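These are my notebook entries on a structure that I went through step by step.

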Amino acid sequence: MSNDKLHQLDQRYLRMARIWAENSYCHRRQVGALVVKGNMIISDGYNGTPSGFDNVCEDENGVTHPYVLHAEANAITKLARSSNNSDGSTLYVTASPCIECAKLIIQAGIKRVVYAEKYRLEDGINLLKRAGIEVIYLNINDNETK
């Protein structure tokens, strides 16, 4: 696949992840993630509470509850309940992965991570790079394509 075609696909999947983030009930930040393998979405996730919990991410002071799952964690754990596997796949996520999600990404066999929003801490990104995972920052707001 040409670099131009891959770049176009990266932009499209990131836009789809951004739309998927709208499913989140979190007020502070809505994050979406897609796992793509062989040009097919094999899993998706957004930040939110575990199954069976009320869809309330923050307490009355606006602080995120410690049990809220990140979008990447939701997408990866959803794979565990499916017949798909993420070995060699690409993760598209609307925000930079934290270190805890980076560990899950490494263990899931994901080989590329494309993200759209930088976070003040870069320890997750640094860990992914150290593990040999291709990490791409792509600000889709800079160059929207149709």
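Before sorting any lining by class, I noted that Ala, Val, Leu, Ile, Met, Phe, Trp, Tyr, Cys and Pro count as nonpolar, that Asp, Glu, Lys and Arg count as charged, and that the others, Gly among them, count as polar. I also noted that this is a predicted model, in which local features need pLDDT of at least 70 and side-chain atom pairs count only at pLDDT 80 or more, while totals for chains, interfaces and linings use all residues. Residues are numbered from 1 along each chain as its sequence is written, and side-chain values use heavy atoms, with hydrogens and water left out.

**Entry 1: pockets**

I looked up what a pocket is: on a 1 Å grid over the protein atoms alone, where a 1.4 Å probe fits, it is an open set of points with protein on both sides within 12 Å along at least five of seven lines, and its lining residues have an atom within 4 Å of a point. Grid points are joined across faces, edges and corners, and the volume is the space filled by probe spheres set on the points.

The largest pocket holds about 470 Å³ of space. I found 17 residues in its lining, and Arg29, Val31, Asn47, His70 and Tyr119 are the ones nearest its centre. By class, the lining of the largest pocket has 8 nonpolar, 5 polar and 4 charged residues.

For the second largest pocket I wrote down a volume of about 400 Å³. It is lined by 18 residues, of which Tyr46, Thr49, Pro50, Ser51 and Asn74 are closest to its centre. Its lining divides into 7 nonpolar, 8 polar and 3 charged residues. To name the parts of the chain, I used DSSP runs numbered from the N terminus, with helices (H or I) of at least four residues and strands (E) of at least two. Strand S2 (40-46) and helix H2 (71-80) each supply at least two residues of this second lining.

**Entry 2: cores**

Which residues touch the most other members of the largest nonpolar core? A residue is buried under 20% relative accessible area, exposed over 50% and partly exposed in between, with a 1.4 Å probe and protein chains only. A nonpolar core is then a set of buried Ala, Val, Leu, Ile, Met, Phe, Trp, Tyr and Cys residues joined through side-chain atoms within 4.5 Å. The largest core has 21 residues, and Leu91, Val93, Ile105, Ile110, Val113 and Leu128 touch the most other members. Two or more residues come from each of strand S1 (32-37), H2, strand S3 (90-93), helix H3 (99-107), strand S4 (112-115) and helix H4 (123-130). H2 gives the most to this core, with 4 residues. Apart from this core lies another, of 11 residues, among them Tyr13, Val36, Val114 and Ala116.

I then checked Leu128 for contacts (heavy atoms within 4.5 Å). Leaving aside neighbours within four places in sequence, Leu128 is in contact with Pro97, Ala102, Ile105, Ile106, Val113, Ile133 and Val135.

**Entry 3: helix H2**

H2 is mostly covered, since 7 of its 10 residues are buried. They are Ala71, Glu72, Ala73, Asn74, Ala75, Ile76 and Leu79, and what covers them includes S1, S2, S3 and H3.

**Entry 4: aromatic pairs**

Rings of Phe, Tyr and Trp (its six-membered ring) pair if their centres lie within 6.5 Å; planes under 30 degrees apart count as stacked, over 60 as edge-to-face and the rest as tilted. By this rule I have 4 aromatic pairs. The ring centres of Tyr13 and Tyr92 are 5.1 Å apart and their planes are at 35°, so the pair is tilted. Tyr13 lies in helix H1 (residues 3-21) and Tyr92 in strand S3, so the pair ties together parts 79 residues apart in sequence. Both Tyr13 and Tyr92 are buried. For Trp20 and Tyr46, the ring centres are 6.2 Å apart and the planes at 65°, so this pair is edge-to-face. Trp20 is partly exposed, with a relative accessible area of 31%, and Tyr46 is partly exposed at 29%.

**Entry 5: loops**

Gly48, in the loop between S2 and H2, is buried with a relative accessible area of 8%. Not counting residues up to four places away in sequence, Gly48 touches Cys26, Cys57, Val68, Leu69 and Asn74.
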